[in-house]
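This report describes a protein model for a reader who is new to structural analysis. Please look over the sequence and the three-dimensional view before reading on.

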Amino acid sequence: MSRLPVPGSLRLRFLLAITVWVALGVSAIWFSAVGIFSAHIEQSYHEELEVHVRELAHLTSFDDDGSITLTRPLSDPRYEVPLSGFYWQITAKDHEPLRSRSMTRGSLDPKVAQSPQILHTLDSGPTGPAITYGFTEPAPDGAEVHYVIATDQSELDRLIDGFTRDLTIWLAGLGSLLLATGLAIIGFGLHPLDRLAKATARLRRGEAAELEGKYPAEIAPLVNDLNAYIHQNADMVARARVQAGNLAHSLRTPLAIITDEAERLAEEPNCSHAATVLLEQSKAMEQQIGYQLARARSSSGKPYAARTVRLPEVAVPILRAMERLHPDKSFSLVSANCDQATLPVDAVDYSELLSILLDNAGKWARSKVELTFVCGSDGVVTARISDDGPGMTSAEIEDAFLLGSRFDTTKPGAGLGLAIARDIADAMGAELEILNGELGLVATVTCRLDSEIRKD
Ligand SMILES: Nc1ncnc2c1ncn2[C@@H]1O[C@H](COP(=O)(O)OP(=O)(O)O)[C@@H](O)[C@H]1O
Ligand SMILES: [Mg+2]
């Protein structure tokens, strides 16, 4: 159902809009979540360090010999692990400084602790930049004791980086999911337009009389208007065709009377010249009427005539009729690779076209007429009608399609066949050609399809 978006399509527009929207939304979530998390984690870190430095002071005792000791280790075991990133230090004038077991090297700057108020700063610790807290308190002997506690900045960064990485993976997943759902929504939303395209194709092929199906409220008025227009147009064409037929018919009787009179006049010696002119003109008019009647019968231009022809079946009844019309000639059908192929052309028109050409071949063939269908893989379908008759000179071929052209008047006819055939071929977008073949005349009808030939 969902097709790939092509340049200039609604699908592409929607997809771009959704992509920008999802990217903006996901980025906004990413920035705010990282910001809020960092602020919170920093705050809780600082609170924890304040508690620890207070605990440190609370556990400190001064022995009689002036040495500083802790009554018990700090509650957080990380201060015991060497170079863990968690350190403390107690210094006082004239006392040996006491440091956490984790601090196997280096020292902390006692100046961080300058007042009884807890102060903090970013200082360099034994294992890189450290967040340092400190305050001072007087020892029992009156000396100022500096309590300093520190945690590597990298510990905090590690926590924030871990969160950021997890968040990025999660949001990338969410973004992809939103895009996929967006694509599905686009497909769902535009589905009625796909149906409309299919309905239009059916209408064009003559498989439907109007745009069929139910459409959403936004498209339904357009479809209704189009259907009204299609019906109106069809009515107009049908009326025009009937009127043309009626006009041609109504002229026939007066014309027959005029011809009759002219023939009678022609027998009178004084009037023979005028009668000949009258007869000639009447014949021309008769030809025109025959031609117009034949065209009115053809269904070209009918908006909803059945517009598919099955090959080679379409030719079977025509060949049967030809065999009855020309019983002394043999008709054969060859269809190498067209079995089950369908041509999107008007069935009545295509049959008439074949009938005209087969009738001519039947009239002029010595004994054999062959109809061959060739379906090319490039969507070109050719119907070739060949006979073993006398053929035509190239000058005759040039004029053969003119109305009333006849070169062999020993056979019956009115010279309309090829003119009508060319008209029909033009209307259906096919090419009609005649040329001299090896045996007799060869007429070809070539249809070029937009798409590949359908076989089912
Ligand atoms: N298969 C054919 N072989 C030889 N001549 C042909 C053939 N088809 C048509 N012609 C020539 O072209 C002329 C015009 O043909 P057409 O327009 O069908 O008129 P009609 O069949 O009424 O004579 C014919 O009169 C005939 O001279
Ligand atoms: Mg003919």
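Which residues form a nonpolar patch on the surface? The patch consists of L10, F14 and L193, which together have about 250 Å² of accessible area. Patches are made of residues with over 30% relative accessible area and no salt bridge; like charges are joined within 9 Å, and nonpolar side chains (Val, Leu, Ile, Met, Phe, Trp, Tyr) within 5 Å. Accessible areas come from the Shrake-Rupley method with a 1.4 Å probe, and for residues only the protein chains shown count as cover.

The model is predicted: local features need pLDDT of at least 70, side-chain atom pairs count only at pLDDT 80 or more, and totals for chains, interfaces and linings use all residues. Residues are numbered from 1 along each chain as its sequence is written, chains are lettered from A and ligands numbered from 1 in the order in which they are written, and side-chain values use heavy atoms, with hydrogens and water left out.

**Helix 1**

L10, a member of the surface patch, is found in helix 1, residues 10-59. Helices (H or I, at least four residues) and strands (E, at least two) are DSSP runs, numbered from the N terminus. With a relative accessible area of 42%, L10 is partly exposed. From A23 to G391 the separation is 368 residues in sequence and 74 Å in space, C-alpha to C-alpha.

**Salt bridges**

A salt bridge is a side-chain nitrogen of Lys or Arg within 4 Å of a carboxyl oxygen of Asp or Glu. By this rule there are 10 salt bridges, and the table lists some of them.

| Pair | N to O distance | Separation in sequence |
| E212 and R202 | 3.2 Å | 10 residues |
| E431 and R448 | 3.5 Å | 17 residues |

The salt bridge of E212 with R202 joins the loop between helix 2 and helix 3 (220-266), where E212 lies, to helix 2, where R202 lies. E212 is partly exposed, with a relative accessible area of 38%, and R202 counts as partly exposed at 31% relative accessibility.

The side chains of E431 and R448 also meet in a salt bridge; E431 lies in strand 13 (residues 430-436), and R448 lies in strand 14 (residues 441-448). E431 is partly exposed at 38% relative accessible area, whereas R448 is exposed at 52%.

A disulfide is a covalent bond between the sulfur atoms of two cysteines. In this report a disulfide is a pair of cysteine sulfur atoms within 2.5 Å. The structure holds 1 disulfide, formed by C338 and C375 with their sulfur atoms 2.0 Å apart. This pair links distant parts of the chain, 37 residues apart: C338 is in the loop between strand 9 (330-335) and strand 10 (341-343), and C375 is in strand 11 (residues 368-375). The torsion about the S-S bond of C338 and C375 is about 120°, so the disulfide is right-handed. C338 and C375 are both buried.

C447 is buried, with a relative accessible area of 4%.

**Nonpolar cores**

In soluble globular proteins, nonpolar side chains tend to be buried together. A nonpolar core is a set of buried Ala, Val, Leu, Ile, Met, Phe, Trp, Tyr and Cys residues joined through side-chain atoms within 4.5 Å. The largest nonpolar core has 49 residues, and those with the most contacts inside it are L311, Y350, L354, L358 and F373. Helix 6 (residues 347-364) gives the most to this core, with 7 residues. Leaving aside neighbours within four places in sequence, L354 is in contact (heavy atoms within 4.5 Å) with A315, I318, L371, F373, A383 and I385. Apart from this core lies another, of 25 residues, including I41, Y79, A139 and V145.

How values were computed
Buried means under 20% relative accessible area, exposed over 50%, partly exposed in between (1.4 Å probe, protein chains only).
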